[in-house]
Amino acid sequence: MKIAIAILNWNGAALLEAYLPNVLEHSPNADVYVIDNASTDNSVSMVKEKFPEVRLVINKENYGFAGGYNEGLQIIDADIYCLLNSDVKVSADWLKPMVQMFTEDSNIAIAQPKILDLRQPEYFEYAGAAGGFIDKYGYPFCRGRIFQTLEKDQGQYNDITEVFWATGACMFFRKEVFWELKGFDADYFAHQEEIDLCWRAKNAGYKVFYNGHSTVYHLGGSTLKNSNPNKTFLNFRNSLYSVIKNLPTRQAFVIIFIRLVLDGIAAARFLLQLRGWHAWAILRAHLSFYRNVRSMYKKREKANFILKYYFVKSIVWSYFVHHIKHFNILVKD
């Protein structure tokens, strides 16, 4: 299989200089690309000078995560794309388990490795951890990470298993499936576009997997930190986008009404924490969603919500009311 590692960059020269040597060292059988999203720093010249073996794809403007990859991947030839954040450190032989999995099961379209925290490698990392799921109201969470609670890696997720979504921090997928699904939805700009892509893949009958035999370490927060209200805005709005796009109509609108209440509670909680800008971000997210709901609805494919792939209870209720903060306890509850 021909593997292409594609690293999207915007003004991240320092990150590329720090982490590209590690990726190149441990990826001898893959082509490594940097897709530059119209950076205004010295990213392009630095890569040309210090990493001549890396192939550069230069986008005309900053299209965000979703649009940036859609533009850049058009000219990259491979059987398997690996989207890798610029702040990820990989481990030795990290590609072998992933390639083997795609080779053995032709219906696996998307996959991710284990994602650990680069600063505290004994813990799972926020963005992806050990594979993603969503609850009955479309809220995402991970094995190893529910809301802000991160589990220690004690080998509990050293398995290979089907999940609902894979993280864009380190995401493998088959080229033909990516383009069959028309790539990421560029209207998301950034955050949760990978959940939408995985959801659409599942609606089309493909599998999304997690492989705990491969490990990478993610620094996280290099573009938008959790403390940034813009991240709150994108997460809440894009989650609603995914609901309206990927669920049967009646079920989608019932969930959106419930989310109006639950997201309102989340905004009130931010206010009590004196984090008013995040409460305002949730309101902006809903207003933006309602402005765009018609155009999002037109993007719908045949949507079938497959119950076996998601947690049928409310993750909000389980976490904040019952104080269930670990995945293995959650699924037993």
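This is a predicted model: local features need pLDDT of at least 70, side-chain atom pairs count only at pLDDT 80 or more; totals for chains, interfaces and linings use all residues.
Two packed helices are described by the angle between their axes and the distance between the axes. Helix H7 spans residues 229-246, and helix H8 spans residues 249-272. Their axes lie 10 Å apart and form an angle of about 165 degrees. An angle over 145 degrees counts as roughly antiparallel, and H7 and H8 are therefore roughly antiparallel to each other. The crossing of H7 with H8 is right-handed. On the H7 side, the contact is made by Thr232, Phe236, Ser239, Leu240, Val243 and Ile244. These residues meet Ala252, Phe253, Ile255, Ile256, Arg259, Asp263, Ala266 and Phe270 in H8. By class, the contact of H7 with H8 holds ten nonpolar, two polar and two charged residues.

H7 also packs with helix H6, which covers residues 193-203. Here the angle is about 15 degrees, and the axes are 10 Å apart. H6 is therefore roughly parallel to H7. H6 passes H7 in a right-handed crossing. From H6, Asp196, Trp199, Arg200 and Asn203 take part in the contact. Their partners in H7 are Ser242, Val243, Lys245 and Asn246. The residues of this contact divide into two nonpolar, three polar and three charged.

The cysteines were examined next. A disulfide is a covalent bond between the sulfur atoms of two cysteines. A search of the whole structure finds zero disulfides. For Cys82, the closest cysteine sulfur is that of Cys170, at 4.3 Å. A disulfide requires sulfur atoms within 2.5 Å, so the sulfur of Cys82 is too far from that of Cys170 for a bond. Seen from Cys170, the closest cysteine sulfur is in Cys82, again too far for a bond. Cys82 is buried, with a relative accessible area of 0%. Cys170 is likewise buried, at 0% relative accessibility.

Two alanines stand out in the backbone. Most residues other than glycine have a negative phi. Ala38, although not a glycine, has a positive phi of about 60 degrees. Ala38 sits in the loop between strand S2 (30-36) and helix H2 (43-50). Its relative accessible area is 25%, so Ala38 is partly exposed. Ala129 also has a positive phi, of about 45 degrees. The loop that holds Ala129 runs between strand S6 (108-117) and strand S7 (132-134). Ala129 counts as buried, at 0% relative accessibility.

Definitions and conventions:
Residues are numbered from 1 along each chain as its sequence is written. Side-chain values use heavy atoms; hydrogens and water are left out. Buried means under 20% relative accessible area, exposed over 50%, partly exposed in between (1.4 Å probe, protein chains only). Axes are lines fitted to C-alpha atoms, for helices over the stretch in contact, and angles run from 0 to 180 degrees between N-to-C directions. Helices (H or I, at least four residues) and strands (E, at least two) are DSSP runs, numbered from the N terminus. Angles under 35 degrees count as roughly parallel, over 145 as roughly antiparallel, 65 to 115 as roughly perpendicular and the rest as oblique. A crossing is left-handed if the near helix is turned anticlockwise from the far one by less than a right angle, and right-handed if clockwise. Contact means heavy atoms within 4.5 Å. Ala, Val, Leu, Ile, Met, Phe, Trp, Tyr, Cys and Pro count as nonpolar, Asp, Glu, Lys and Arg as charged, and the others, Gly among them, as polar.
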